[in-house]
4 protein chains.
Amino acid sequence: MSMPRLTVQEVAKHRDSSSCWVIIKNEVYDVTDFLSNHPGGPGILLKYAGRDATAAYEPIHPPDAIQQNLTPSQCLGPLAQSAQSGAVPDIAPELERTKDEMRVEQTMKQRPPLNQILSLADIETVAKAVLPYSALAFYSAGTDDEISLRENTRAFSRFFFHPRVMRPVSKCDLSTKILGFDSALPLFVSGAAQANLGHPLGELNITRGCGKANIIQMVCGYASIARSEIAAAALPSQTLFLQLYKSTDEEATVKIVQEAEQLGYKAIFLTVDAVVVGNRERDVKSTWTLQAEEGKSRYYNEGDEEEKTNYLGKSALHWNQSRGLDSDMSWELTIPWLRSVTRLPILLKGIQCIQDAVLAADIGIDGIILSNHGGRQLEYSLPPLEVLYRLRQQRPDVFEKLEVYIDGGIRRGTDVVKAICLGATAVGLGRPFLFALSAYGEAGVTKTISILRREIGTAMRLLGASSIRDLNPGLVERVDWEPVTRESKL
Amino acid sequence: MSMPRLTVQEVAKHRDSSSCWVIIKNEVYDVTDFLSNHPGGPGILLKYAGRDATAAYEPIHPPDAIQQNLTPSQCLGPLAQSAQSGAVPDIAPELERTKDEMRVEQTMKQRPPLNQILSLADIETVAKAVLPYSALAFYSAGTDDEISLRENTRAFSRFFFHPRVMRPVSKCDLSTKILGFDSALPLFVSGAAQANLGHPLGELNITRGCGKANIIQMVCGYASIARSEIAAAALPSQTLFLQLYKSTDEEATVKIVQEAEQLGYKAIFLTVDAVVVGNRERDVKSTWTLQAEEGKSRYYNEGDEEEKTNYLGKSALHWNQSRGLDSDMSWELTIPWLRSVTRLPILLKGIQCIQDAVLAADIGIDGIILSNHGGRQLEYSLPPLEVLYRLRQQRPDVFEKLEVYIDGGIRRGTDVVKAICLGATAVGLGRPFLFALSAYGEAGVTKTISILRREIGTAMRLLGASSIRDLNPGLVERVDWEPVTRESKL
Amino acid sequence: MSMPRLTVQEVAKHRDSSSCWVIIKNEVYDVTDFLSNHPGGPGILLKYAGRDATAAYEPIHPPDAIQQNLTPSQCLGPLAQSAQSGAVPDIAPELERTKDEMRVEQTMKQRPPLNQILSLADIETVAKAVLPYSALAFYSAGTDDEISLRENTRAFSRFFFHPRVMRPVSKCDLSTKILGFDSALPLFVSGAAQANLGHPLGELNITRGCGKANIIQMVCGYASIARSEIAAAALPSQTLFLQLYKSTDEEATVKIVQEAEQLGYKAIFLTVDAVVVGNRERDVKSTWTLQAEEGKSRYYNEGDEEEKTNYLGKSALHWNQSRGLDSDMSWELTIPWLRSVTRLPILLKGIQCIQDAVLAADIGIDGIILSNHGGRQLEYSLPPLEVLYRLRQQRPDVFEKLEVYIDGGIRRGTDVVKAICLGATAVGLGRPFLFALSAYGEAGVTKTISILRREIGTAMRLLGASSIRDLNPGLVERVDWEPVTRESKL
Amino acid sequence: MSMPRLTVQEVAKHRDSSSCWVIIKNEVYDVTDFLSNHPGGPGILLKYAGRDATAAYEPIHPPDAIQQNLTPSQCLGPLAQSAQSGAVPDIAPELERTKDEMRVEQTMKQRPPLNQILSLADIETVAKAVLPYSALAFYSAGTDDEISLRENTRAFSRFFFHPRVMRPVSKCDLSTKILGFDSALPLFVSGAAQANLGHPLGELNITRGCGKANIIQMVCGYASIARSEIAAAALPSQTLFLQLYKSTDEEATVKIVQEAEQLGYKAIFLTVDAVVVGNRERDVKSTWTLQAEEGKSRYYNEGDEEEKTNYLGKSALHWNQSRGLDSDMSWELTIPWLRSVTRLPILLKGIQCIQDAVLAADIGIDGIILSNHGGRQLEYSLPPLEVLYRLRQQRPDVFEKLEVYIDGGIRRGTDVVKAICLGATAVGLGRPFLFALSAYGEAGVTKTISILRREIGTAMRLLGASSIRDLNPGLVERVDWEPVTRESKL
């Protein structure tokens, strides 16, 4: 408490494995003993030895990571003078900017102007150019060979339209209600983690863009911005939903739910497709690839422990996720328990087959998202659009009992319209909003909504539909051939 | 009226945004105040400031664009001496010829001789080499990702023949009747806009080529040549049809219809698949790409208005189309109204599903074109051949009540024969004729018809058919696999 | 008769369009007046003006082409001294060897040894390297976009085996009977034209190779070697079939049939899928491509006649074919007429649908080849294997009334076995034998048979079949997906 | 016996075809007379004339090859001083290291560390880099055009999951029983020949890796390590199966079976899909390709004997296999005979259709492997997964009578889970273990099992399954489209 504050000069002396100090948010920590326990391996920690590690630390660690892992005596207290990220250039300037950082800076300058962005694919192209290598790997990764990731999008190409003509469409109302809440379009932002990897304001870009456009945002359980901060940034009339990851620590989960309810979040989407973390090789490999590209020596952890290192060491997010996820949820216990702690509507995110959709309807769940987690969890989980199609054909009664949404692979207004025709109340988009804010911040979010509004409007008018109610299964046909699309290529 | 004529030297002084004059068809206009209203942005206007803009203006503006947008006082009167396009070389010679214009000039010289052109694909290859960049973009663009554009053609590859042998075919009659009018072949020229982008004589190339070959021409509502001029170029016996875009200005539409009837046009094809303009990104993007290639600085319109700029600014054609299109046509009102103003047969162009085909038949429409506007309107509208196939299978009765045509994707004689087998009276070709006249003018049109005549004749003889009447559904089988074609590649 | 023989020096003086003489097989002809009538255009004739044209003339002209086109006075008589091809080097040596001829000479030296040839694909690769450009174009061309050509082969990839195990197969008899004649394997050489384009001994390579291997040869109606010469080269026990093209000149056809019968040919396969010549663009274009590659100026025939030039000018073969083909054959007249002039069994080559197979069976035809002429006639004619499959499923009775064969696309022993399983008595191979003799002469033919023998034997043993009789439809399944094969690529 | 030992100097004098001696395992042989009988041709023998040939000889010859082919007088006795491979550098040092050997040495040094290996595909990539050219050809070859090889893997991509959620899976038991023997995972090592081509310890790597992980190893009939040596390397509790190739020499086969029984092998898998050797062109061609790459002159055996040379000469393995394989096994005789000589359970490896599976069940066979020998035998044999799917649908009763396994194409944990869902008791993997030991020896085997354990565990948990018993056909759907996978490319 009253100990003298440490200077950056003092900290800078402790820069190897014999004594390793780091600065995080103006606090100094002695991580010497923790080196060998660091799930990401000691190498990454040593990179920041004697320096400010805040910029590298924050995006990928949960808020309580330090408390969970360091003893009080390892917390050496506040820094003498405020050190912002990169504020110790005299010590190790050559480490400050990697090749990848320089590339990002360069490509950011060459972004096309927003008025030359016509499609979500255009934004994605920009995002892929300007995102840091490992952030892109985290955002874009699918599981295993990314079959489900690709098939999610390809599925839309098998559904063609039966457009109706000679119907008045000059007035075309794209608005709808989602769980009773107004939405300007039949879509919402689906939960997707760690928006700050792409933009320092993280999820706030989404909140602000959605507020102006009257689009509902589902806030991810692993959002990089606190739920309260997001709620504070929202307009009074703006609707927020919470995506919930149930932890084995039920109290912690209850706290999250009740805080969200208090903050004005309007519904709880319990994630059910992530009882363990999927095998996202692109993400795991990104560290090594990046190290190799930077020409840095690699740190290897061979031997019995290698597997843990591979899979838990990638990032604290992975680590945190797999540490606390409740793998023992059940229909019998989990739903009643959740109902007992909140009055908010409860929905399930990650239903992947007809039987579970029926189960959800039977026990009075308010809604389900047909989703395979954007192809990030079980490889060869059916594309959500295909599940929707089967559900509509085989159990149309389910749609009368709860609201059905899908997410995964939606990139065009026609994709949205197809899903609505087949019975979805709305669709969720995740990655497109991460790409949008990474490329252009809040303006990218606004642009994304505006593109979708235009595309949905055009598609509905050309279909002869002047309101969401006019969309029905008869307007869509699943064809028996496979169109050639961008996803046809590996 | 009697004011002194302005000289090119005088005009050349007004070449920036403080005072901007342009010459169009030997008339001088002050567009200074109009700069900020120009749908294409001020940049393109300023490019021609102080100069003759006729060559750039004409192809993409409707005849009345000046009257609609400038006040009488902004029309400064005729030029002192006739200035043909490019006649002011002393002022801004360096602007006269772009890289793209030089490329076109070069490739035009290298065209293969017509007797080495064997197929419509050969002509298309030449056209793609010799067309100006933005003209090519306008002609070839499909909507969104151009799935329907590509699938229109690919659809033909799923239909194979059951050829019959040992049938006398030395005499093989390819002629037929379309709406009762003689046609040398079971095909016609379908409406396609702005033929002058590819050749200065525009649609007249088609009129003259078709006249000699006894092929019917449907004149597009956005033809670059006046309907009267086209009628004047036609032979006495030649049949012309009118493709009609209904405007919100019904009087204007009536005027068009009645003028056409008077000029001897024989039928009205009301366009029903274009109540709004499709999202043709290739076309919209072409301006920016071209500017970048020319090394010119780009003019950006960022901010709230960007969307309008993107979509309305591309060309006056787009602007004009979307401005006046009637998006509120209906079966109940539009057809009776149209019947009340003309005695010509009324047909619908752009029917895309069975239900609407049945509706058309039920209310006594004379014929329908199954068409998705060449893949330029609603992405994922079914390929017309697939709609034809379903209609033939599910509602064969419709073919007895009206004539059915298809257009979109037809490139070979076998394509024509397949459609006729499946019940079409004739097929329409649009782009192939634009490509033909762009590559070789009227001779290209003649060559196109001659190739199709040879290919249809060969296909019919090898099928064992000696007349159009011999073609029937039994000669065609829809297979359950997907042949590898040129369209299999992205 | 008794006129003085002309010397090469004399001939060499007549080398332009004012007076153009050529030497063909030691006879001198004045073709000055014929220049403008030459279907290939005057250019090709002028190339050989004043020189020996035998080498260029022979492969592509029918034996009677001179008699048909020149008057007696244009035949100037025999050359004073024998001029073999290329025997006038002093006059125009620089014309003697084109780039293409030099390429062929070079690649011939680099052929792999025969014992490194494992498959028909290996031989085809060699053939494609050593064949003259235009010969390759003629052999390999399919019609239009070569869809049927490619699909013929791809069709086999949709048929998988149900192999049976635990069946004695050490003794495995591959022999069968075709029309009652012994055959070592269930295959024969199908008719294919102009073997001398690939090898000077032409079809004799096939005759000799087949004789030793006890394989039946069907001699093409457009063989480059006289039927009598082929018959003379055959072993006493060797079986030859005749492929017949019916001419409009019925007497000429009768003469061919009766000569064949007298020469010991055992069956007549009447070609029914070639009433006109298919649109083989690869073949037609080869002349221009070759001229461009040789850097020679091109001769253009623009104007009204261009179409004729394109299609008739390619080669005398085309010209001859299309000139005399009888396009008016019929079931009612042609079959009885043919029966009236020969006692040989009559079969039909080129049946392409079930209905015609049934018709053939009903009128007592001895056998049919399901064939689309190797994809060279009607584009989108179903692959023969698919027709066979449908015929077997829908009309198994046909197989009891006549023998059914297929040809087109067979390249592996498994292809042969699949066809036999599905009911074919035997299969025909055309192009593979042309490629074989082009690459290695008679040894290539022998090798081709030997590869097929090994592959068929291996496939049958691994299927659990010890004789042709063991092959049945239950061993084959048509699958509903499309394997990736070489033909999946364009 | 007592003759003086020969020196390397003495041996080195006999180095051409007039007198050719070689050293093998310190014994000297005179192979002069054998040169022309060597199935691989004299060339390869002459390469080692006067030198130690052990390194080249051992991997590809059966233990008794010398005894079978040389007379006692051709066996000249032991070498005076021990000559290990390469111990005669003074004679022909330039032959010692080929380009390929140097490449292998280099790539071995560049292998990524094991903790960066995430998938079986990663290991395969390493193996393909470090394997000697001809060893890779032998391991990776499929028959003919490798269609079945590729389709084996592609088949899995047509089966998607119906994951169930809200089921407790924190405890997930991956263990099962195979023929009553414990297995940590529902998989085993399937028989695959010649592991020593990839690693000097050969199959022992597998034995040791499997022992530690409690995975069953099926020892190939053509293993490079003696069955007794493998048994000796196994843990006491470890289960070994024998893959049996029945020879025409029944006594020899009996000896093998009874020795295995005595050594503690627990079951006999009789190979039924290899009555003759498949046409593996990649393997056969590898010798020539390698020779060409090394710049060595090739030895050609043209003429009548070329075919035998091609197919028998590749390697003694081929030679040996095809020499002794019993092609006359039958259900009636072979099974009773085998039962009469052993009490071990008898299973059949290589069942490829439903009828044979039913036959096997009816006669009381203990289990079958649906297998097409990894695509190495009959081209177009159905993928085993497709046979399993059909068997499960059409004859579910078979699964109650015997255990069903599949092998071929399994590369992911999801592949394993799909097969188990469809009724398989376990799956076999062959090539992946050969690649694993070639790349990393025993550690590679351990890594392979560990990857599969992780992937199977993740897949089961995400499917909602907590034990093997939870896997059932309802969790899998065969879809009607074809996902784009690595195998979609040629």
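This note covers one interface, one chain and one residue of a predicted model.

1. Basis. The model is predicted: local features need pLDDT of at least 70, side-chain atom pairs count only at pLDDT 80 or more, and totals for chains, interfaces and linings use all residues. Residues are numbered from 1 along each chain as its sequence is written, while chains are lettered from A and ligands numbered from 1 in the order in which they are written.

2. Chain A. Its secondary structure comes to 20 helices and 17 strands. Helices (H or I, at least four residues) and strands (E, at least two) are DSSP runs, numbered from the N terminus. Chain A has 490 residues, and 52% of them count as buried. Buried means 20 or more other C-beta atoms within 10 Å of the residue's own, exposed 12 or fewer, and partly exposed in between, with C-beta atoms placed from the backbone.

3. Chain D against chain A. Here 37 residues of chain D are in contact with 44 residues of chain A. Contact means C-beta atoms, placed from the backbone, within 7 Å. On the chain D side, β6 (159-161) and α20 (431-463) are the elements that give two or more residues. α20(D) gives the most, with 8 residues.

4. Asp182(C). This residue sits in strand β8 (residues 181-183) of chain C. Asp182(C) counts as exposed because it has 12 C-beta neighbours inside 10 Å. Beyond its neighbours within four places in sequence, Asp182(C) is in contact with Ser175(C), Lys177(C) and Asn214(C). Gln238(C) is 56 residues from Asp182(C) in sequence, and their C-alpha atoms are 9.2 Å apart.

Notes
Two residues are in contact if their C-beta atoms, placed from the backbone, lie within 7 Å.
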